Each structure stands twice: as structure tokens, then as C-alpha cells.
Amino acid sequence: MALGEHCSIIQIVGYQNSGKTTLVEKLIAKAKQNGLRVATIKHHGHGGVPDDIGSSKSKDNIRHYKAGAIVSSVEGDGVLQLSASVDSWSLEKSIKFNKFFSPHVLFVEGYKQEHYPKVVLVRNQNDLSLLHSLTNIMCVISHIMLDKEELKKHRVFQLYEEKLYIDFLIKEVVKKSGTKLV
């Protein structure tokens, strides 16, 4: 089985402090509640190698794990924390590595320029530029009111519509992975 064949891969993207990790935690919990095995990959977007496991700055992938992910990793500057060091950890190499754990879904936090299906978090008007520069957008979750007519080429949810977008995303995961909800 190739990862991606029976495993949904969904990217959660947005600028810093847009709520990516919180959303991933909620998606992990809902997926686990439905009997799905979840893996996560987080991009350490602040430059350099990830901080030591247990430090306050490496807490996001720990949050993923505590939310119920069967494996959670963070990558930065060639270091993949799970911990292995090679010349370079591309997202593709990290995804292949996760195949070993046989997840039903892989949530990728970050890596904006990759081409997997994306959930884009919009915190303010300036973040709308992401909708013009990113590919393969599944949906938009916004902290601010957006004109859904103006953005009709994208499925748009407001942040307060949590049940709607969580249910939508879990259904997409299930459809792609070929599993059934419990």
C-alpha cells in the first residue's frame, strides 16, 4: 500500500498564530473518536532545527501526540524529530517514513507550497493573499467575516462553525481512506 492510496493527507496551513495546531488537535481527537489512526507532520517554520523534545518551543508536535496521534513528528533544517538526522527531510520523505505506522490519515501542519489538499486558516484581511498563492484548497476557515459569494470557488467556514468544518473534514478523510466511521 502506498501512503496516499488508503491514507488521506490533509495540510493545515496559515500564518503564525492562526490556530493550526489547535485545529489539528481537534481533528485528531475527532478522527480517533471515529476509530481512525492518525499521524502528523509539523513543519518547524521558524527556521533552524526543532528545539529539544520537552522544551516549550517543541510543544506543538507533543500536543498532536497527546491529542491521540499514533505518531507525531516535526521537521526543521534537515532534522526530523522522532529523531533522525539526514542531509534533508523533504515532506515526501517524511510522508514515506510515516507509511510504517499505517495511518488512515496524515495531517500535515505547514508546508504551504506543497500540493496536498489544504485547509487554509485566515486570521485577518492580510491572510487573504494565501488564497491567491496556494494550490489545492479544500476549504477556508476564517476568524473574520468573509463574503462567501466573493470566495465562491472555495468552501468557506467561519471559525465559530467548528462542528460543520470538523464534520466536513472527517467525512473527506473517510472518503479518501476508504474506512468507515464508527
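Which residues does Phe107 touch, not counting residues up to four places away in sequence? The legends below start there. The model is predicted.

**Figure 1. Surroundings of Phe107.** Phe107 touches Ile10, Val24, Leu27, Ile28, Val38, Ala39, Thr40, Ile41 and Val173. Residues up to four places away in sequence are left out of that list. Phe107 is also one of the residues with the most contacts inside the largest nonpolar core.

**Figure 2. The largest nonpolar core.** This core has 25 residues. Ile12, Leu23, Leu27, Phe107, Val119 and Ile141 have the most contacts inside it. Two or more residues each come from β1 (8-13), α1 (20-33), β6 (105-109), β7 (118-122), β8 and α5 (162-177). Helix α5 gives the largest share, 7 residues. A second core of 12 residues is separate, and includes Val122, Leu128, Leu131 and Val156. In soluble globular proteins, nonpolar side chains tend to be buried together.

**Figure 3. Val38 in strand β2.** Strand β2 covers residues 38-43. Is Val38 buried or exposed? Val38 counts as buried because its relative accessibility is 1%, below the 20% cut-off. Neighbours within four places in sequence aside, Val38 is in contact with Ile28, Ala31, Ala69, Ile70, Val71, Pro103, Val105 and Phe107. Among these, Pro103 is 65 residues from Val38 in sequence. Their C-alpha atoms are 5.3 Å apart in space.

**Figure 4. Helix α5 and its packing.** The buried residues of α5 are Tyr165, Ile166, Phe168, Leu169, Ile170, Val173, Val174 and Ser177. They pack against β1, α1, β6, β7, β8 and β9 (155-158). An α-helix has 3.6 residues a turn, so residues three or four places apart point the same way. The 16 residues of α5 should span 22 Å at 1.5 Å a residue. The end C-alpha atoms of α5 are 22 Å apart, so the two values agree. Gly178 follows α5, with a positive phi near 75°.

**Figure 5. Arg155 over the ring of Phe168.** Arg155 lies over the face of Phe168. The distance from the ring centre is 4.6 Å. Phe168 is one of the buried residues of α5.

**Figure 6. Ser142 in strand β8.** Strand β8 runs over residues 137-142. How accessible is Ser142, in relative terms? The value is 0%, so Ser142 counts as buried. Leaving aside neighbours within four places in sequence, Ser142 is in contact with Val122, Phe157, Gln158 and Leu159. Val122 is also a member of the second, separate core.

**Figure 7. The cluster of Phe97, Phe100 and Phe101.** Ring pairs link these three residues. A search of the whole structure finds 4 aromatic pairs. One of them joins Phe97 and Phe101, edge-to-face, at 6.1 Å centre to centre and 65° between the planes. Why is the pair of Phe100 and Phe101 edge-to-face? Their planes stand at 85°, and the cut-off is over 60 degrees. Their ring centres are 5.1 Å apart. Accessibility is listed residue by residue. Phe97 is partly exposed, at 33% relative accessibility. Phe101 is partly exposed too, with a relative accessible area of 27%. Phe100 has a relative accessible area of 70%, so Phe100 is exposed.

Note on methods: Residues numbered from 1 in each chain as written. Predicted model: local features only at pLDDT ≥ 70, side-chain atom pairs only at ≥ 80, totals over all residues. Heavy atoms only, no water. Phe/Tyr/Trp six-rings, centres within 6.5 Å; stacked < 30°, edge-to-face > 60°. Buried < 20%, exposed > 50% of the residue type's maximum accessible area, 1.4 Å probe, protein only. Lys NZ or Arg CZ within 6 Å of the ring centre and 35° of its normal. Helix = DSSP H or I, 4+ residues; strand = E, 2+ residues; numbered from the N terminus. Contact = heavy atoms within 4.5 Å. Core = buried A, V, L, I, M, F, W, Y, C linked by side-chain atoms within 4.5 Å. Expected span 1.5 Å × (residues − 1).
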